[in-house]
Amino acid sequence: IIVPYAAGGQPDVAARALAPKLGERLGQPIVVENRPGAAGTAAYNALLQSQPADGHAFILSDAAMLSISPLINKAANYKLGRELVPVALIGRSSLFLVAHPKTGVNNLQEFVQAVRKNPGQFTYASSGIGSNHHLTMEALKSALNLDVRHVPYRGSGQSTPALLSGQVDFSIAALPSIASFVQLGQLKLLGANSATRSVLAPDVPPLADLVPGFDFAPILVVLGVASTPQVAIDRLSKEIVEVIKHPDVVNGLKTAAVEPTPGGPVELTRELNREVAAMAKAAEAANLKAE
């Protein structure tokens, strides 16, 4: 299993949660190989180099490899159904709109009211230009005609401290990076970027309460190269869907803030098409250009 991110990242943790039980069902060991860099193209090239495609090499990634990378990186010109084929849907991981207490904002309605009353006065942090965090907020701003200034950082390791110190007013962040500060009352959770409430934070309303149909929660996927034998895809898809239901794997995924939502190629294709369309629209609102 090739992961297009460094060890310790969400897809990596998910892959290592799946590997032992998946290996047991397949009767052979599963090796997780990290190939970070170049917006996913390093992992894709590693997959191509595994030829012949005999059903023994796959990519486990968030869907940004297909939905965001091609929008910002001209080298990421691979497509689902052409170079890559869907294998399995692993789960989804909501990001959260979070506020610093100094804003006085306690819920989604107050957020909209405060921003509309003070256009251009508030700022929000993201994990970088073109990140899911960035596109989530730009889509929300476009849908509600809000004026909030973007302050991009290089990952949550920078954006979360900036929010905690009050350098920015709001942020879009993953739950693990903010959960402890929310519990201490240092930050306020306002909403999840999923279509429905996340089981990981069931008391937090979705942004879809403000914008019907809004869904930018990242999904984790397994993809294969197009020439992979169909029998191998069918077998792996079936086994992954079963493994994700195992209590040990469920707990491992939840540790990485991933809500298990197992699905086969049909379900994965539907989710990918939805995300690709949503990200393209958000990128247009953000005026992103591929380089």
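# Reading exposure, helix faces, cores and pockets

Author: Asparagine 287 is exposed, with a relative accessible area of 55%. The model is predicted.

Reader: Why does asparagine 287 count as exposed?

Author: The cut-off for exposed is over 50% relative accessible area. Asparagine 287 has 55%, so it is exposed. It sits in the segment after helix 11.

Reader: Is glutamate 138 buried or exposed?

Author: Buried means under 20% relative accessible area. Glutamate 138 has 9%, so it counts as buried. It lies in helix 6. Leaving aside neighbours within four places in sequence, its contacts are Tyr124, His150, Ala282, Ala285 and Ala286.

Reader: Why does glycine 185 count as partly exposed?

Author: Partly exposed covers what lies between buried and exposed. Glycine 185 has 48% relative accessibility, so it goes there. It is in the loop between helix 8 and strand 9 (188-192). Now compare sequence with space. Glycine 185 and histidine 100 are 85 residues apart in sequence, and 9.6 Å apart from C-alpha to C-alpha.

Reader: Now a helix. Which residues of helix 10 are buried?

Author: In helix 10 (residues 247-255), they are Val249, Val250, Gly252 and Leu253. Look down the helix axis. These buried residues fall within an arc of 165°, so they line one face of helix 10. The face turned away from that buried side carries the exposed residues Pro247 and Thr255.

Reader: What covers the buried residues of helix 10?

Author: The cover includes helix 1, strand 4 (84-92), helix 9 and strand 11 (259-263).

Reader: Which residues of helix 7 are buried?

Author: In helix 7 (residues 156-164), the buried ones are Ser159, Thr160, Ala162 and Leu163. They cover an arc of only 160° around the axis, so they lie on the same side of helix 7. They pack against strand 5, strand 6 (123-126), strand 8 and helix 8.

Reader: How should I read a nonpolar core?

Author: Start with the general idea. In soluble globular proteins, nonpolar side chains tend to be buried together. Here, the largest nonpolar core has 34 residues. Those with the most contacts inside it are Leu97, Phe111, Leu135, Leu140, Phe170, Leu190 and Phe214. Strand 5 (95-99), helix 5 (108-117), helix 6, strand 8 (170-174) and helix 11 (265-286) each supply at least two residues of this core. A second, separate core has 24 residues, including Ala14, Phe58, Leu220 and Ile240.

Reader: What is leucine 135 in contact with, leaving aside neighbours within four places in sequence?

Author: Its contacts are Ile68, Gly130, Phe216, Met279, Ala282, Ala283, Ala286 and Leu288.

Reader: And how do I find empty space?

Author: Rolling a probe the size of a water molecule over the atoms shows where empty space is left. The largest pocket here has a volume of about 1,000 Å³. It is lined by 37 residues, and the closest to its centre are Tyr5, Asp62, Ser127, Ser131 and His133. The elements that give two or more residues to this lining are helix 1 (10-26), strand 3 (59-62), helix 3 (64-67), helix 4 (69-72), helix 6 (132-144) and helix 8 (175-183). Helix 1 gives the most, with three residues. By class, the lining has 17 nonpolar, 17 polar and three charged residues.

Reader: How many residues line the second largest pocket?

Author: The second largest pocket holds about 400 Å³ of space. Its lining has 19 residues, and the closest to its centre are Ile30, Gly55, His56, Ala57 and Phe58. Helix 1 and helix 9 (230-243) are the elements that give two or more residues to this lining. Helix 9 provides the largest share, four residues.

Reader: How does the lining of the second largest pocket divide by class?

Author: It has 13 nonpolar, three polar and three charged residues.

Technical notes:
Residues numbered from 1 in each chain as written. Predicted model: local features only at pLDDT ≥ 70, side-chain atom pairs only at ≥ 80, totals over all residues. Heavy atoms only, no water. 1 Å grid on protein atoms, 1.4 Å probe; cavity = no way out; pocket = protein on both sides within 12 Å on 5 of 7 lines; lining within 4 Å. Points joined across faces, edges and corners; volume = space filled by probe spheres on them. Nonpolar A, V, L, I, M, F, W, Y, C, P; charged D, E, K, R; others polar. Buried < 20%, exposed > 50% of the residue type's maximum accessible area, 1.4 Å probe, protein only. Arc of directions from axis to C-beta. Contact = heavy atoms within 4.5 Å. Core = buried A, V, L, I, M, F, W, Y, C linked by side-chain atoms within 4.5 Å.
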